[in-house]
Amino acid sequence: MFVSIFDTSITDNNLGNEIIMDAVYKQLRSIFGTYFFIKLPYLDSIGGQSIEYIKHSDYIFLGGTNALTAEMETYRQWGITKHNYFHVKNVTLMGVGWWQYQGRISKYTAKILKHVLHNEIMHSVRDSYTESKLNEIGITNVINTSCPTMWKLNEDHCALIPEGKADAALITLTNYSQDFNKDAEIMNIIEKNYDTIYAWIQGPEDYQYIKKICGKAIIIPPSLEALDKLLASPITIDYIGTRLHAGIRALQAKRRTIIIAIDNRAIEKQKDFNLVVINRDNLDHLQELIAGSFKTKIIIPHDNINRWKNQFNLNSYV
(Lines give C-alpha, C1' and ligand atoms only; values in the text may rest on other atoms or scores of the structure.)
Protein backbone atom coordinates (compact mmCIF):
# COMPACT_ATOMS: atom_id res chain seq x y z
CA MET A 1 0.00 0.00 0.00
CA PHE A 2 1.52 3.28 -1.17
CA VAL A 3 0.98 6.95 -0.41
CA SER A 4 2.86 9.28 -2.74
CA ILE A 5 3.52 12.86 -1.65
CA PHE A 6 4.69 15.77 -3.75
CA ASP A 7 7.25 17.04 -1.26
CA THR A 8 7.61 20.82 -1.54
CA SER A 9 10.98 20.78 0.25
CA ILE A 10 12.69 18.73 -2.48
CA THR A 11 14.94 20.77 -4.81
CA ASP A 12 14.02 23.93 -2.93
CA ASN A 13 16.09 26.37 -0.88
CA ASN A 14 13.25 27.80 1.23
CA LEU A 15 13.40 26.15 4.65
CA GLY A 16 9.82 27.20 5.26
CA ASN A 17 8.82 24.25 3.11
CA GLU A 18 10.64 21.93 5.52
CA ILE A 19 8.45 23.32 8.29
CA ILE A 20 5.36 22.64 6.17
CA MET A 21 6.40 19.12 5.18
CA ASP A 22 7.30 18.21 8.76
CA ALA A 23 3.68 18.88 9.69
CA VAL A 24 2.32 17.20 6.54
CA TYR A 25 4.17 13.96 7.23
CA LYS A 26 3.18 13.89 10.90
CA GLN A 27 -0.48 14.34 10.03
CA LEU A 28 -0.43 11.79 7.20
CA ARG A 29 1.37 9.27 9.41
CA SER A 30 -1.47 9.61 11.91
CA ILE A 31 -3.91 8.62 9.14
CA PHE A 32 -1.89 6.20 7.00
CA GLY A 33 0.27 4.54 9.63
CA THR A 34 0.56 1.20 7.81
CA TYR A 35 1.29 2.64 4.36
CA PHE A 36 4.63 3.05 2.61
CA PHE A 37 5.37 6.68 1.83
CA ILE A 38 6.99 7.80 -1.43
CA LYS A 39 8.44 11.31 -1.76
CA LEU A 40 7.92 12.88 -5.18
CA PRO A 41 9.78 15.98 -6.42
CA TYR A 42 7.72 19.15 -6.46
CA LEU A 43 9.57 21.77 -8.49
CA ASP A 44 11.32 19.45 -10.93
CA SER A 45 9.44 18.12 -13.93
CA ILE A 46 7.65 14.88 -13.21
CA GLY A 47 9.65 12.04 -14.72
CA GLY A 48 9.10 8.38 -15.50
CA GLN A 49 9.82 6.99 -12.03
CA SER A 50 7.45 9.46 -10.38
CA ILE A 51 4.74 8.59 -12.91
CA GLU A 52 5.12 4.88 -12.08
CA TYR A 53 4.68 5.58 -8.37
CA ILE A 54 1.67 7.78 -9.09
CA LYS A 55 0.05 4.96 -11.09
CA HIS A 56 0.48 2.47 -8.27
CA SER A 57 -0.33 4.70 -5.29
CA ASP A 58 -3.50 4.35 -3.27
CA TYR A 59 -3.39 8.05 -2.49
CA ILE A 60 -1.40 10.99 -3.85
CA PHE A 61 -0.99 14.24 -1.90
CA LEU A 62 0.42 17.67 -2.54
CA GLY A 63 1.56 19.15 0.75
CA GLY A 64 1.29 22.85 1.50
CA THR A 65 3.01 25.93 0.03
CA ASN A 66 1.93 28.38 -2.74
CA ALA A 67 1.50 25.66 -5.32
CA LEU A 68 -1.52 27.06 -7.12
CA THR A 69 -1.48 29.97 -9.53
CA ALA A 70 -3.85 31.47 -12.07
CA GLU A 71 -1.44 31.03 -14.98
CA MET A 72 0.48 27.77 -14.69
CA GLU A 73 1.76 28.28 -18.22
CA THR A 74 3.58 31.45 -17.10
CA TYR A 75 4.40 30.93 -13.44
CA ARG A 76 4.98 27.25 -12.81
CA GLN A 77 5.28 26.42 -9.13
CA TRP A 78 4.60 22.72 -9.59
CA GLY A 79 6.48 20.46 -12.01
CA ILE A 80 3.38 19.79 -14.11
CA THR A 81 3.48 20.79 -17.77
CA LYS A 82 1.39 20.30 -20.90
CA HIS A 83 3.71 17.40 -21.73
CA ASN A 84 3.27 15.36 -18.54
CA TYR A 85 0.00 16.42 -16.90
CA PHE A 86 -2.03 13.60 -18.46
CA HIS A 87 0.06 11.10 -16.46
CA VAL A 88 -0.92 12.76 -13.17
CA LYS A 89 -4.37 12.11 -11.76
CA ASN A 90 -6.21 11.90 -8.44
CA VAL A 91 -3.94 14.25 -6.49
CA THR A 92 -5.40 15.44 -3.17
CA LEU A 93 -4.44 18.87 -1.84
CA MET A 94 -3.36 19.17 1.78
CA GLY A 95 -3.15 22.70 3.12
CA VAL A 96 -2.20 24.12 -0.27
CA GLY A 97 -2.39 27.86 -0.94
CA TRP A 98 -2.66 30.29 -3.85
CA TRP A 99 0.32 32.29 -5.09
CA GLN A 100 -0.42 36.00 -4.53
CA TYR A 101 -3.70 37.78 -5.23
CA GLN A 102 -4.54 37.14 -8.86
CA GLY A 103 -7.19 37.74 -11.47
CA ARG A 104 -8.98 35.33 -13.75
CA ILE A 105 -7.68 31.77 -14.00
CA SER A 106 -6.47 30.83 -17.48
CA LYS A 107 -8.19 28.10 -19.50
CA TYR A 108 -4.87 26.22 -19.57
CA THR A 109 -4.66 26.21 -15.77
CA ALA A 110 -8.31 25.21 -15.34
CA LYS A 111 -7.85 22.31 -17.73
CA ILE A 112 -4.78 21.01 -15.92
CA LEU A 113 -6.17 21.38 -12.41
CA LYS A 114 -9.45 19.68 -13.32
CA HIS A 115 -7.49 16.76 -14.77
CA VAL A 116 -4.87 16.46 -12.03
CA LEU A 117 -6.93 17.00 -8.87
CA HIS A 118 -9.11 14.22 -7.44
CA ASN A 119 -12.74 14.90 -8.32
CA GLU A 120 -14.28 13.00 -5.36
CA ILE A 121 -11.96 13.31 -2.37
CA MET A 122 -12.27 16.59 -0.46
CA HIS A 123 -9.24 18.86 -0.90
CA SER A 124 -7.70 20.70 2.03
CA VAL A 125 -6.63 24.31 1.40
CA ARG A 126 -4.96 26.79 3.72
CA ASP A 127 -7.38 29.74 3.48
CA SER A 128 -10.70 30.97 2.15
CA TYR A 129 -9.06 32.82 -0.75
CA THR A 130 -7.62 29.57 -2.14
CA GLU A 131 -10.98 27.87 -1.69
CA SER A 132 -12.72 30.65 -3.63
CA LYS A 133 -10.18 30.52 -6.48
CA LEU A 134 -10.74 26.79 -6.98
CA ASN A 135 -14.50 27.29 -6.80
CA GLU A 136 -14.19 29.79 -9.67
CA ILE A 137 -13.28 26.99 -12.06
CA GLY A 138 -15.87 24.53 -10.75
CA ILE A 139 -13.68 22.62 -8.30
CA THR A 140 -16.01 22.61 -5.32
CA ASN A 141 -14.83 19.56 -3.36
CA VAL A 142 -12.64 21.91 -1.31
CA ILE A 143 -12.53 22.70 2.40
CA ASN A 144 -10.58 25.35 4.31
CA THR A 145 -8.56 23.57 6.99
CA SER A 146 -5.70 26.06 7.41
CA CYS A 147 -2.12 24.87 6.86
CA PRO A 148 -1.19 21.56 8.60
CA THR A 149 1.51 23.53 10.46
CA MET A 150 -1.33 25.13 12.43
CA TRP A 151 -3.51 22.13 13.16
CA LYS A 152 -2.12 21.63 16.68
CA LEU A 153 -2.29 25.31 17.67
CA ASN A 154 -5.46 24.74 19.68
CA GLU A 155 -6.80 26.75 22.60
CA ASP A 156 -4.85 24.80 25.23
CA HIS A 157 -1.62 25.23 23.25
CA CYS A 158 -2.14 28.97 22.76
CA ALA A 159 -2.88 29.45 26.46
CA LEU A 160 0.75 28.49 27.17
CA ILE A 161 2.17 31.22 24.91
CA PRO A 162 3.43 34.19 26.99
CA GLU A 163 1.48 37.43 26.80
CA GLY A 164 4.26 39.87 27.74
CA LYS A 165 7.48 40.91 26.01
CA ALA A 166 10.40 38.46 26.12
CA ASP A 167 14.05 39.25 26.81
CA ALA A 168 15.24 38.50 23.27
CA ALA A 169 13.88 38.72 19.73
CA LEU A 170 14.11 36.22 16.90
CA ILE A 171 13.85 37.97 13.54
CA THR A 172 13.58 37.02 9.88
CA LEU A 173 13.57 39.07 6.70
CA THR A 174 12.69 37.99 3.17
CA ASN A 175 15.27 38.69 0.51
CA TYR A 176 12.94 38.16 -2.46
CA SER A 177 10.46 40.74 -1.12
CA GLN A 178 12.63 43.66 0.01
CA ASP A 179 11.43 47.06 1.08
CA PHE A 180 14.59 48.53 2.57
CA ASN A 181 12.96 51.52 4.25
CA LYS A 182 10.12 49.52 5.80
CA ASP A 183 12.37 46.63 6.82
CA ALA A 184 14.84 49.08 8.39
CA GLU A 185 11.95 50.65 10.30
CA ILE A 186 10.99 47.22 11.63
CA MET A 187 14.57 46.58 12.73
CA ASN A 188 14.84 49.99 14.40
CA ILE A 189 11.75 49.25 16.48
CA ILE A 190 13.08 45.82 17.41
CA GLU A 191 16.50 47.19 18.38
CA LYS A 192 14.86 49.73 20.70
CA ASN A 193 12.99 46.96 22.52
CA TYR A 194 15.47 44.07 22.73
CA ASP A 195 19.10 43.93 23.80
CA THR A 196 19.62 40.51 22.22
CA ILE A 197 18.47 39.78 18.68
CA TYR A 198 18.75 36.44 16.89
CA ALA A 199 18.20 36.05 13.16
CA TRP A 200 17.31 32.85 11.33
CA ILE A 201 18.17 32.41 7.66
CA GLN A 202 15.17 30.77 5.99
CA GLY A 203 16.48 31.34 2.45
CA PRO A 204 20.13 31.62 1.32
CA GLU A 205 19.96 35.26 0.22
CA ASP A 206 18.39 36.37 3.51
CA TYR A 207 21.80 36.46 5.23
CA GLN A 208 23.30 39.44 3.42
CA TYR A 209 20.04 41.37 3.63
CA ILE A 210 19.74 40.85 7.39
CA LYS A 211 23.38 41.80 7.98
CA LYS A 212 22.83 45.00 5.99
CA ILE A 213 19.80 46.02 8.04
CA CYS A 214 20.56 44.57 11.48
CA GLY A 215 24.30 44.13 11.96
CA LYS A 216 23.97 43.28 15.67
CA ALA A 217 21.84 40.20 15.02
CA ILE A 218 23.26 36.84 16.13
CA ILE A 219 22.90 34.56 13.10
CA ILE A 220 21.27 31.17 13.63
CA PRO A 221 22.52 28.55 11.13
CA PRO A 222 20.18 27.89 8.20
CA SER A 223 18.67 24.61 9.34
CA LEU A 224 15.42 23.60 10.95
CA GLU A 225 17.42 21.83 13.67
CA ALA A 226 19.20 25.08 14.61
CA LEU A 227 15.91 26.98 14.74
CA ASP A 228 14.29 24.30 16.91
CA LYS A 229 17.29 24.28 19.25
CA LEU A 230 16.96 28.02 19.88
CA LEU A 231 13.18 27.83 20.29
CA ALA A 232 13.58 24.97 22.77
CA SER A 233 16.21 26.84 24.82
CA PRO A 234 15.45 28.49 28.21
CA ILE A 235 15.93 31.94 26.65
CA THR A 236 12.69 33.93 26.53
CA ILE A 237 12.17 34.89 22.90
CA ASP A 238 9.60 36.78 20.84
CA TYR A 239 9.42 36.08 17.12
CA ILE A 240 9.01 39.11 14.85
CA GLY A 241 9.57 38.73 11.13
CA THR A 242 8.38 38.54 7.55
CA ARG A 243 8.92 34.80 7.15
CA LEU A 244 5.50 33.29 7.80
CA HIS A 245 6.48 29.72 8.56
CA ALA A 246 9.36 30.65 10.84
CA GLY A 247 6.63 32.44 12.80
CA ILE A 248 4.41 29.35 12.72
CA ARG A 249 7.36 27.29 14.02
CA ALA A 250 7.76 29.77 16.87
CA LEU A 251 4.06 29.37 17.70
CA GLN A 252 4.50 25.60 17.69
CA ALA A 253 7.25 26.15 20.28
CA LYS A 254 4.89 28.34 22.37
CA ARG A 255 6.70 31.60 21.64
CA ARG A 256 4.94 34.97 21.41
CA THR A 257 4.80 35.77 17.71
CA ILE A 258 4.21 38.82 15.54
CA ILE A 259 4.23 38.13 11.81
CA ILE A 260 4.91 40.98 9.39
CA ALA A 261 2.74 40.46 6.30
CA ILE A 262 4.40 40.99 2.92
CA ASP A 263 1.89 39.10 0.75
CA ASN A 264 -1.48 37.36 0.75
CA ARG A 265 -0.43 34.39 2.89
CA ALA A 266 -0.23 36.05 6.32
CA ILE A 267 -3.06 38.47 5.51
CA GLU A 268 -5.44 35.63 4.67
CA LYS A 269 -4.36 33.64 7.73
CA GLN A 270 -5.08 36.65 9.91
CA LYS A 271 -8.55 36.98 8.38
CA ASP A 272 -9.43 33.31 8.74
CA PHE A 273 -7.55 32.22 11.85
CA ASN A 274 -6.74 35.34 13.90
CA LEU A 275 -2.96 35.15 13.64
CA VAL A 276 -1.22 38.20 15.11
CA VAL A 277 -0.16 40.02 11.94
CA ILE A 278 1.07 43.53 11.16
CA ASN A 279 1.05 44.63 7.52
CA ARG A 280 4.48 45.93 6.49
CA ASP A 281 2.74 48.83 4.73
CA ASN A 282 1.31 49.99 8.06
CA LEU A 283 3.71 49.64 10.99
CA ASP A 284 2.03 52.22 13.22
CA HIS A 285 1.09 49.72 15.92
CA LEU A 286 4.22 47.54 15.92
CA GLN A 287 5.90 49.36 18.84
CA GLU A 288 2.70 49.22 20.87
CA LEU A 289 2.23 45.53 20.14
CA ILE A 290 5.81 44.63 21.10
CA ALA A 291 5.86 46.64 24.33
CA GLY A 292 2.36 45.69 25.37
CA SER A 293 0.67 42.46 26.36
CA PHE A 294 -1.57 40.32 24.18
CA LYS A 295 -3.08 36.88 24.20
CA THR A 296 -2.57 34.49 21.31
CA LYS A 297 -6.03 33.29 20.30
CA ILE A 298 -5.71 31.35 17.08
CA ILE A 299 -8.96 30.00 15.67
CA ILE A 300 -8.40 26.55 14.22
CA PRO A 301 -11.17 25.01 12.04
CA HIS A 302 -11.17 21.70 13.91
CA ASP A 303 -14.45 20.52 12.38
CA ASN A 304 -13.09 21.02 8.87
CA ILE A 305 -9.79 19.32 9.73
CA ASN A 306 -11.61 16.31 11.19
CA ARG A 307 -13.98 16.18 8.24
CA TRP A 308 -11.00 16.09 5.87
CA LYS A 309 -9.19 13.42 7.88
CA ASN A 310 -12.25 11.23 8.43
CA GLN A 311 -12.97 10.87 4.71
CA PHE A 312 -10.10 8.36 4.55
CA ASN A 313 -11.82 5.26 5.85
CA LEU A 314 -8.93 2.91 6.56
CA ASN A 315 -10.55 0.53 9.01
CA SER A 316 -10.03 -2.38 6.65
CA TYR A 317 -6.25 -1.81 6.72
CA VAL A 318 -5.71 -1.45 10.47
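Between which helix and which strand is the loop that holds Asn274?

## Two loop residues

Asn274 is found in the loop that runs between helix H10 (264-273) and strand S12 (277-279). The model is a predicted one. In it, phi of Asn274 is near 65 degrees, a positive value in a residue other than glycine. Most residues other than glycine have a negative phi. With a relative accessibility of 37%, Asn274 counts as partly exposed.

Gln100 also has a positive phi, near 65 degrees, and is a residue other than glycine. Its place is in the loop between strand S4 (91-94) and helix H3 (107-116). The relative accessible area of Gln100 is 29%, and the residue is partly exposed.

## Aromatic pairs

The structure holds 17 aromatic pairs. In the pair of Tyr25 and Phe37, the ring centres are 6.4 Å apart and the planes stand at 35 degrees, so the pair is tilted. Planes under 30 degrees apart would count as stacked, and planes over 60 as edge-to-face. Tyr25 belongs to helix H1 (residues 16-31) and Phe37 to strand S2 (residues 36-41), so the pair ties together parts that are 12 residues apart in sequence.

Are Tyr25 and Phe37 buried or exposed? Tyr25 counts as buried at 15% relative accessibility, and Phe37 is buried with a relative accessible area of 11%.

One aromatic cluster is formed by Phe32, Tyr35, Tyr59, Phe61, Trp151, Trp308 and Phe312.

## Charges over rings

## Packing of H6 and H7

At what angle do helix H6 and helix H7 pack? Helix H6 (residues 180-193) and helix H7 (residues 206-213) pack at about 60 degrees, and their axes are 10 Å apart. That angle makes H6 oblique to H7. The crossing of the two helices is right-handed.

On the H6 side, the contact is made by Phe180, Asp183, Ala184, Met187 and Glu191. On the H7 side, Tyr209, Lys212 and Ile213 take part.

Technical notes
Residues numbered from 1 in each chain as written. Predicted model: local features only at pLDDT ≥ 70, side-chain atom pairs only at ≥ 80, totals over all residues. Heavy atoms only, no water. Phe/Tyr/Trp six-rings, centres within 6.5 Å; stacked < 30°, edge-to-face > 60°. Helix = DSSP H or I, 4+ residues; strand = E, 2+ residues; numbered from the N terminus. Buried < 20%, exposed > 50% of the residue type's maximum accessible area, 1.4 Å probe, protein only. Axes fitted to C-alpha atoms, helices over the stretch in contact; angles between N-to-C directions. Parallel < 35°, antiparallel > 145°, perpendicular 65-115°, else oblique. Left-handed = near helix turned anticlockwise from the far one by under 90°. Contact = heavy atoms within 4.5 Å.
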